[in-house]
Amino acid sequence: MGANTSQVSDLSESQSIRTLIGPESISENEPFWNQLISFTFTSPTCSADAKLLEEAVVPFAKTLIENNPRSGNFGALVRVFLGRTKELKISTECQDQLFIWQAHNALFLVRCLLKVFIREMSEGELHLQFSYQARAPGTYESNSEDLLEELMCNLVHLIVEVPLLDITYNILFEAVTTLLVLLSYQLLQKDILREGLIYQCLTRGRCLTLTSRLVKTLLYNFIRQEKCPPPAHLFQAQADGGGLLYGLASGVASGLWSVFTLGGAGSKSGVDQEQNPLPLSNQSLLLLLVLANLTDGPDCPNPYKQAVTCFKNTQDTSSIPSPQPHTFQINFNSLYTALCEQQRSDQATLLLYTLLHQNPNMKTYVLSRTDMENLVMPILEILYHVEERNSHHVYMALIILLILTEDDTFNRSIHEVMLKNISWYTERALTEISLGSLLILVVIRTIQFNMTRTRDKYLHTNCLAALANMSAQFRCLHQYAAQRIISLFALLSKKHNKVLEQATQSLQRPLGADDNAALPDYAQDLSVIEEVIRMLLEIINSCLCNSLHHNPNLVYALLYKRELFEQFRSHPCFQDIMQNLDTVIGFFSQRLEQAGTDLSVERVQEVIKKGAVALPKDRLKKFPELKFKYVEEDQPEDFFIPYVWSLVFNSAVGLYWNSQGIELFSMDSP
């Protein structure tokens, strides 16, 4: 690019770029390289700018692909970068900002070229581009180093060794981004990649020993949520004026760093960019999720997944060594706080799911927290705004709730946490409500949304499973939560009758010319609805059997809508479960009749509270405890790898991929 290049339109005019991509080889000791990497360039701040940059780089990269076998200049550029990484730690300690800036620029050039190379060639061909050396005799020493592996190891070393400071923020970001680019072959493949050179470099090569440190560093980058340093902190001119290069460097700061102060590219809205100017945190989390979801090799498990599943709390002082490889310790309190604060993003919700599902140490810690509302409330808000979220984000939020509700202590404690004035819950003013009742309200609302819109059986099942896990521990249900449980039953009952009527009419339809026309499968629809009704009846029954005296509002709602249950009393699918509901309805109806007519709401509630204590427990038939456990489906990578890469495609800062080249998922996927 050279010292004078400042925008995309200048690229074609850059003599330095033309020399780099030309047929003539350039020795690594040439002053040319210093000139090339002392450029002023505005990094892309949105996907449109990233696209412009990519389109400008493509013709140069293609020319370099043609000339590189003869010139070896791409390998030389990589070596120039590698030569500087050896002294990065010292440069950081000495506050040598210019050296770090130039190393960043070299890596930025490598990353831009790699991005096009990966689009244009296979991994094997990419490996060759790294191996080409100048044909001119005596220019380079002949050696057998694997430059691709050397680059990847250096990037990992850089990420784990160089401290995160204002002056190192941009090069650390670029190192994380370059690893993401190298792994992006998966985006361009329809099938899940289970092998390959880049995969082997990261999972079996020299990088393997740094697995736990890389995972720990990426997690801490996410935890720290460091904002981009302001441009003023980047290049401070020296007292004597700093010389030509320092003046140049201070001039570039605002342009080079605009990507970081604005907060990134991808499909995020401008508002999100301003509210979340955390590119290193975001990019580190995306890289962590990509690494953790790499498939296991035929003879070795994914080391990054191993590291994610077994790390411990820094407060864990047990001397028992972990049998798991790649284990490490991290501050769980800091991680929990970051997870609570960042749930608005898909990737943070996916990380929370991954840790709860795969890391027993983290799951135990989360369930032991006494401020669980800080985690649960953002999850409920995701579900409440289900219309605005993609289906995968909703699934992850729901499965997190299901995992949490597997724990009885959680199910008890959420009814003890009282909340006031939930601003995002707009359907009804909730001046005071327990976290447990709010959870019930939001899950029921999700079921109702699903019934009218997406009609996804998987979503229904997980919603009902979470309610079922909680049902025996329902305590002091809010009046509105109790009403919504019965209202959901009313909605299901109405839907059941409608489908039953349609099925009956279709059977009575006179024979005609359109006999071969496809008919809706009413029997299957009816079966699904009856399954959901059965489960809801079991949830109500579980509450009545285990905590009736704690839930007068549910009994009140049940009595108020008792006629809803009449039609199911003799239905073969529901007869057994209806016995207990009949017993409760009959018992309390009798007590209300004895109390007289024209009773006020307060008087009815008083009769219910006294009756709840008086009802003999042996009058209610015992059913098996309702307990559901989340189990990942077979071959989870078929879901998670496309999902993770869709997040990279949409949310990675300063990266653009042409949607026409994406094979891993359809472009209307989340």
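Predicted model: local features only at pLDDT ≥ 70, side-chain atom pairs only at ≥ 80, totals over all residues.
**Glutamine backbone geometry, cysteines and a helix pair**

Q225 lies in the loop between α11 (211-224) and α12 (243-256). Phi of Q225 is positive, at about 50°, although Q225 is not a glycine. Most residues other than glycine have a negative phi. Q225 is also buried. Its relative accessible area is 13%, and the cut-off for a buried residue is under 20%.

Q95 is found in the loop between α5 (88-93) and α6 (97-120). Its relative accessible area is 44%. Q95 therefore counts as partly exposed, since that class runs between the 20% limit for buried residues and the 50% limit for exposed ones. Thus Q225 is buried, whereas Q95 is partly exposed.

Cysteines were examined next. A search of the whole structure found 0 disulfides. Two cysteines illustrate the surroundings of these side chains. C340 has a relative accessibility of 11%. Because this is under 20%, C340 counts as buried. C476 has a relative accessible area of 58%. This value is over 50%, so C476 is exposed.

Helix packing was examined for α25 and α26. Helix α25 spans residues 479-508, and helix α26 spans residues 522-547. The two pack at an angle of about 155°, and their axes are 10 Å apart. Angles over 145 degrees count as roughly antiparallel, so α25 is roughly antiparallel to α26. The crossing of α25 and α26 is left-handed. The residues of this contact divide into 16 nonpolar, 4 polar and 3 charged.

The chain as a whole was then considered. Its secondary structure comes to 30 helices and 4 strands. The chain has 670 residues, and 56% of them count as buried. Q225 and C340 are among the buried residues. Contacts were also sorted by separation along the sequence. Among contacts between residues at least 6 apart, 76% join residues at least 24 apart.

Methods. Residues numbered from 1 in each chain as written. Heavy atoms only, no water. Buried < 20%, exposed > 50% of the residue type's maximum accessible area, 1.4 Å probe, protein only. Disulfide = S-S within 2.5 Å. Axes fitted to C-alpha atoms, helices over the stretch in contact; angles between N-to-C directions. Parallel < 35°, antiparallel > 145°, perpendicular 65-115°, else oblique. Left-handed = near helix turned anticlockwise from the far one by under 90°. Nonpolar A, V, L, I, M, F, W, Y, C, P; charged D, E, K, R; others polar. Contact = heavy atoms within 4.5 Å.
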